[in-house]
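Please walk me through this structure.

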Amino acid sequence: MTATTGRAGRREWIGLAVLLLPTLVLSMDMGVLFFAVPFISTTLAPSGTQQLWIMDMYSFLLAGLLITMGALGDRIGRRRLLMIGATGFIGASLLAAWSHDANQLIAARALLGAAGATVMPSTLALIRTMFHDPKQRQIALGAWGGILTAGATLGPVAGGLLLDHYWWGSAFLLAVPVMALVLLTAPALLPEYRATARPSAGRTPDGRFDLLGAALSLAAILPLVYGVKTIAVEGWSTLPAIAVPAGLLFAAAFVWRQRTAANPLLDLSLFRIRTFSGAISVNTVAMFAMMGFALFTSQYLQLVKDMSPLTASLWSLVPSVGVGAAVGISSALAGKVRPAVLMGGGFLIGAAGFAMMTQVGPHSPLALILTAAGVLAAGTVGTMTMTAEMVVSAAPVEQAGAASATSETAVELGSSLGIALLGAAGAAVYHHRLDGALPAGLDGEAARTAQDTLGGAVTVAAQLPGRLGADLLETTRTAFTDGLHVAAGVGGVLALGAALLAYRLLRHLPAAAPAPTPESEPVTA
């Protein structure tokens, strides 16, 4: 290791490349599954709720365990936790690839989320440990953020390439060689890191890990999301109606625990810093909007426009042109325009993209949805380019690690909630529109399959005689775009609210925010 005041050398930069590998895999693992949804619907025949859980379980476990695993890494060592997570990710990927039913795939996705939660905070914390020079650290963090964006872009393309040649489970096997390489190289290139315990809000640390806090964080997230999604898709029933208030009660208990524990997983005093809480809020809403609609776009290209996975994934790259332009413009204006104005303007652009989405129909030209997706992504991603540094610089030096973990948790939770809630809204409209509207002549099983998901409807239509199959496709594709319109309306309202929120919370910041100062890290092991 270099000294805490020195500059990183060759070993640290090679070590950075090692850390970027699992970061790339984690960011790809959500998008790589988007184009596999129709194949999973055909092979495993999941219900609408199971399909949402297959998509969401990874991110919810990742979000729910990030803070817990970040605290655990401080105790047992960040490098050790990274290697444990890489091993778990390999095993869970193999289990997911050869799942025999929807429930097994959901369980495998949960294990992937738990393994991912050990990897993500370890990579960022080790970067901060290895790079003590502010300029070098800024370059390293920029590379880390760039890899996250690249993975989100490349994930659908990689998934499309695989699905054009192999079975749907191959999408999960991308992670296996990458994580194996991390296991081979990490001991030689990455330093071990353990943080020393610090008092929190006048409380004296007692050396114990907050197991109760970890349990409460999961107990808050999972029931709440289960209840919201199930009610949205299947209607009112007893179990989800109980799950929602139960999740809220556990969330309140988690907050109380973090206020009173000697070794809290999360120092809630960070949220009293206006810049920190504002940046976290903006990031969460941006990811909610962007990731929540990515699933609609991918399904529209495949199931409405009847594209192959590879063709759909390549067309899905078109909106990234607008994203690249937005990132460049935001970076150029960051020193001249106040962050509140830039972020508010970005959300207004995102709202315009949502408004364009409400005009997309089953027979709309391809250019309309690609342009709408580009405008939406450009506006939301443009706001996120400034938040990472704001989070780090706003928090006190001794709490920079906790601030980073909290930011990652907010990003993952925003992504997951976007997919879950916007997806649930679209699914609910799809079910409602098809109630009594399916073509006559379908048997009971075929009707249930078609009404469950659009992927199921496409599968059923392929087995029906000409006119009946065509009528079924027209009806279900129209219902799907009706759900897309409702989800876009919800997203647009949220984007407008986020523009006001960003301006209100961050209007005190000047155009050129101060750069983060070097910090002294806890003693490394």
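Predicted model: local features only at pLDDT ≥ 70, side-chain atom pairs only at ≥ 80, totals over all residues.

Asp-482 is partly exposed, with a relative accessible area of 21%. Residues are numbered from 1 along each chain as its sequence is written, and side-chain values use heavy atoms, with hydrogens and water left out.

What is the partner of Asp-482 in its salt bridge? The partner is Arg-433, and the closest N and O atoms are 3.2 Å apart. A salt bridge here is a side-chain nitrogen of Lys or Arg within 4 Å of a carboxyl oxygen of Asp or Glu. Arg-433 lies in helix 16 (residues 400-434) and Asp-482 in helix 19 (residues 466-506), so the pair ties together parts that are 49 residues apart in sequence. Helices are DSSP runs (H or I, at least four residues), numbered from the N terminus. Arg-433 is partly exposed, at a relative accessible area of 39%.

The structure holds 2 salt bridges. Asp-471 and Arg-467 form one of them, with the closest N and O atoms 3.3 Å apart. Both of these residues lie in helix 19. They sit 4 residues apart, about one turn of the helix. Asp-471 is partly exposed, with a relative accessible area of 28%. Arg-467 is exposed, at 64%. Side chains of opposite charge can pair when their charged atoms come close.

Now to helix packing. Two packed helices are described by the angle between their axes and the distance between the axes. Helix 3 (residues 48-76) and helix 5 (residues 102-130) pack at about 30 degrees, with axes 7 Å apart. That makes helix 3 roughly parallel to helix 5. Axes are lines fitted to C-alpha atoms, for helices over the stretch in contact, and angles run from 0 to 180 degrees between N-to-C directions. Angles under 35 degrees count as roughly parallel. The residues of this contact divide into 19 nonpolar, 6 polar and 1 charged. Ala, Val, Leu, Ile, Met, Phe, Trp, Tyr, Cys and Pro count as nonpolar, Asp, Glu, Lys and Arg as charged, and the others, Gly among them, as polar.

Next comes helix 4 (residues 78-97). Buried residues of helix 4 include Leu-81, Leu-82, Phe-89 and Ile-90.

Phe-293 is found in helix 10. At 2% relative accessibility, Phe-293 counts as buried. The C-alpha atoms of Phe-293 and Gly-423 are separated by 8.0 Å, although the two residues are 130 residues apart along the chain.

Last, two loops. Most residues other than glycine have a negative phi. Ala-45 has a positive phi, near 50 degrees. Ala-45 is found in the loop between helix 2 (37-44) and helix 3, and is exposed at 57% relative accessible area. Asp-306 also has a positive phi, near 60 degrees. Asp-306 is found in the loop between helix 10 (274-304) and helix 11 (309-315). Asp-306 is exposed, with a relative accessible area of 59%.

Notes: Buried < 20%, exposed > 50% of the residue type's maximum accessible area, 1.4 Å probe, protein only. Parallel < 35°, antiparallel > 145°, perpendicular 65-115°, else oblique.
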